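Please look over the model below before reading on. The report then takes it part by part.

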Amino acid sequence: MKRSSLPLLTTIAVLVFFYFPLVLVTIESFNASKYGGPWTGFSLRWYKTLFTDAEVFRALKNTLIVGVVSTLVSMVLGTVAAFALHRFKGKLQAAHYGLIYLPLVVPDILMGISLLLFFVALKVELSLVTISIAHISFCISYVTMVVLGRLQDFDFSVMDAAQDLGADRLTAFRKILLPLLAPGILAGGLLAFTLSIDDFVITFFVSGPGSTTLPVYIYSMMKHGSPPVINALSVVLLAVTFVLVLYSQFLNHGGKENA
Amino acid sequence: MRKLIPIVIIAIIAIIVFSSGKSETQKILRIYNWADYVSDDVIKKFETEYHCQVVIDTFDSNEAMLAKLKAGATGYDIVVPTEYTVNVMIDDGMLIKLDPAKIPNLKNIDTDYAKLMRDGKMEYSVPYMVSVTGIGYNPEKVPDFTPSWSIFLNESYKGRMTLLNDMRETLGAALKSLNFSINTTNDAELEEAKNLVICYKKNIAKFDVDEAKRGLVTGEFFVVHGYNGDLQQIIEEAPNIKFAIPEEGTSMAIDCMVIPVGAKNVDLAHAFINFIHEPENCAATMEEVCYASPNTEAVKLLPEEFRQNEAVFPKKELIAKCELIEDLGDDNAKYTKAWDQIKSAE
Amino acid sequence: MPTMIPRRRREEWLLTLPTFFWLTLFFIIPTVIVLAIAFKPAAPHGGFGEGWTLRTLMELGNPNYPAIVFRTLWISAVATALCILIALPVGYCLARASRKWRQFLMLLVVIPFWTNFLIRIFAWKQVLHPEGILKKTLVALHLVAPDATLLYNAGAVMLVMVYTYLPFAILPIYAAAEKFDFSLLEAAQDLGSSRLGAFYRIFIPGIRRGLLTATLMVLIPALGAYVIPDIVGGPTSEMIGNKIAQRTFVDRNLPHASALTGLLLVTVLVVTGGLYVLVRMRKIPRALGRSLAATGTGNLTTTAENTAPVTPESIADLVAEEEKNKEENAEEDAT
């Protein structure tokens, strides 16, 4: 039977739509003109400006610190929560689930402003600590959902079998459950890390002097900086994303062939 | 293989975090300032002389700056508000009293300007730069330009003009063109000004502070409402751009350096204020930011050509038509309300 | 064993308390504080005064606010509708592609989603620049007038929203389409249905859950959008998010910011709840599934599974399903 070519054409159009702005940014990053706009010649000076900008590296460092801290904490909290949700049913878990589900449907800006007012009310100084707290709060839900998805595919009789064979609960947990769940927990952590390093809105609300993260810095560059430097930064970030994704694909295939 | 990627990522992160962690032992002077409002060379000189690191965060309106400080952004050592906001901050107990003994260069400040300020004795604030707002334009695209706020009513430039995203400045422009005071609290006058800005709004692309001036160079905008020095900085890069002060008059602002309560390096902040008002440093800053500082000794060091630049040092008769924006206390709410209605008007 | 019950109970609390504590402290209490501040009077220089008042809530009735709420709703609705319309054929195409192609195409769809959000918006500012290549091309093709502006209007906001949120719509639709039994479509056509008719009456109901997830994944961030209208929007495309930010960061009117936040929350909950009710009320897909089963041409299990009534549990599944999608992407990176 003949299939419509419309879906394929739409997909191609969507991919063009997705990549056209990114290609343009890449080209513009080599434009010598200081304020962007008409092409005035090829230049690498914006990359030089970017790599000599100490602020970028400071912001990157802050981003990574917050990313690592919030990933680790939300991985632990989220995994524990997923266990509770999976093992127990009842009113408490229904409430627990609701609590974890809510941050997923609430717009970023609400979380940002409520945390800001909360910290102000408690007279907490805005810093990397407040940013990390905010990030952990929204990452927990994502990690929990991912790990929960894994647990649903998991056969708990293995645990019972191990205990029947004489292993105590802790050993069974450590030796059997954790290794089997590790990919799920890692996937949750990776998602949390991505969300954390990309977050702008919530961070913007709860960041204070000297705790500028990379997205917040990019935003201020968009307002005050010169466009070609942002373009150069975009190209660098794009390149990092591409390399990571392709590398993981490569590993993925390699792994399958070995298996 | 599966476990490799996280390890690689963590290793990269660790390298970045630790390799850039060396400079943290130095003292850090945190400044909260308008964008493009310092000379990088002067800042570098200060960093070397005082073995410290200067970190600058920027804001684009006094209101935004005040809100951020009130919302818990403590820890800045220097803030650069406009005079009318300085008074709010003094009244709210947000500022530290300055120690004049640590700022001997106060003697260089022109007392004529200091007299205009409520804090004329400079107990809490030291004037930094004086600015006026005006219009930057591209004469190729706007051949019939006349220095008047009425340009914003001209439909031929629809979608290619911008107004400042600052309620006092933009309502002030409308008030001036109606021949009212920039500090009016009269409801009828404010209402008229509000309706005028709503008419302006139909023709503008955006209310904006910092991005718009760059749009003048790239051809995105033809007419931009902005601060004289900001636009002059653009003109240095793109000489085809011109600046004019509307003949109906405009607002004038004295931006001051203050030390907020909660500053971590009060001594270093005093040293910075004094350093900036060292005549040669102040002259270098003026030449870079294209604003006039009320520092008489520094003005003497400026090249003749720069002193003649009317965009930086406006003519006396124009200055006479300018007004300083004042804090209106509870009547500020009237401006907020008018500004809201402007923003939500279709 | 009677001792098992308290132990189980203790274990449950031990596992539940950490997240319960954290989210109550840093999510529920702050949200309650925000909603409470809406009932406080505003102090002239920021912050809020003593006592309680209903004034702020009453002020939400002034004509400025409903206009902004209405604008927020229609911009978000149009952006969501466009995302779904575009994501449907793309999800379909991905699900029908061969394994190798599917993996490659998924990768291409996901990469923009992994790029920094602000950078994607900034890129569009340059694409839509009045002296930019797109404008020049459009003018050359006589599609727009030479003095038309592409930026700083509601259209630009919607376009950039579609750009940033489209992957969120494609992924759940693709996930649902992947499980869909395409022989149903062929069966329907054999029974005389047109190609488009079969697509509309069988494929769409069959991936209903995916569609619902996709709609929510786009609609919720769109309703709360702040950065996109701030950067590519103009004086007449301000949304609730911008107003909240203005009240917080410029006017220092925290009660107003809080009241607006409450309004946004209510809007999101009403829209989300409304969508669920709407989906639940549609009995047609189930009836269709039954009739197909009766004719013996359809695979009943697939259809029944995809058209189960929406209950709180299935809502939970929706999220889990969505998280699985994300997880799959995450895994692609992890493995």
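What follows is a short report on three chains, under plain headings.

## Model and confidence

This is a predicted model: local features need pLDDT of at least 70, side-chain atom pairs count only at pLDDT 80 or more, and totals for chains, interfaces and linings use all residues. Residues are numbered from 1 along each chain as its sequence is written, while chains are lettered from A and ligands numbered from 1 in the order in which they are written. The model scores ipTM 0.88 and pTM 0.86.

The pLDDT is the predictor's confidence in each residue, from 0 to 100. Chain C has a mean pLDDT of 80, and 81% of its residues reach 70 or more. Over residues 283-319 of chain C, pLDDT stays under 50. For that stretch the model has 48 contacts beyond four places in sequence. Two residues are in contact if their C-beta atoms, placed from the backbone, lie within 7 Å. Residues 330-335 of chain C also have pLDDT below 50, with 22 contacts beyond near neighbours in sequence.

## The build of chain A

Chain A has 11 helices and zero strands. Helices (H or I, at least four residues) and strands (E, at least two) are DSSP runs, numbered from the N terminus. The radius of gyration of chain A is 23 Å, well over the 18 Å that the globule rule gives for 259 residues, so chain A is more spread out than a compact globule. That radius is taken over C-alpha atoms, and the rule is 2.2 Å times the number of residues to the power 0.38. Along the principal axes, the C-alpha atoms of chain A fill a box of roughly 75 × 65 × 35 Å.

Of the 259 residues of chain A, 48% count as buried. A residue is buried if 20 or more other C-beta atoms lie within 10 Å of its own, exposed if 12 or fewer, and partly exposed in between; C-beta atoms are placed from the backbone.

## Domains of chain A

Chain A is divided into domain 1 (6-45) and domain 2 (53-258). The bounds come from an automatic or database domain assignment. Taken over C-alpha atoms, the centres of the two domains of chain A are 31 Å apart. Nine residues of domain 1 of chain A are in contact with eight residues of domain 2 of chain A.

## Where chain A meets chain C

In chain A, 77 residues are in contact with 71 residues of chain C. Several helices of chain A each supply at least two residues of this side, including helix 1 (6-28), helix 3 (54-87) and helix 11 (227-258). The side of chain A that touches chain C has 58 nonpolar, 16 polar and three charged residues. Ala, Val, Leu, Ile, Met, Phe, Trp, Tyr, Cys and Pro count as nonpolar, Asp, Glu, Lys and Arg as charged, and the others, Gly among them, as polar.

## Helix 8 of chain B

Helix 8 (residues 211-218) of chain B is mostly covered: eight of its eight residues are buried. Among them are Glu211(B), Lys213(B) and Leu216(B). The buried residues of this helix pack against helix 10 of chain A. Within chain B, their partners include strand 4 (125-137) and helix 9 (228-237). Just after helix 8 of chain B, Gly219(B) takes a positive phi of about 85 degrees.
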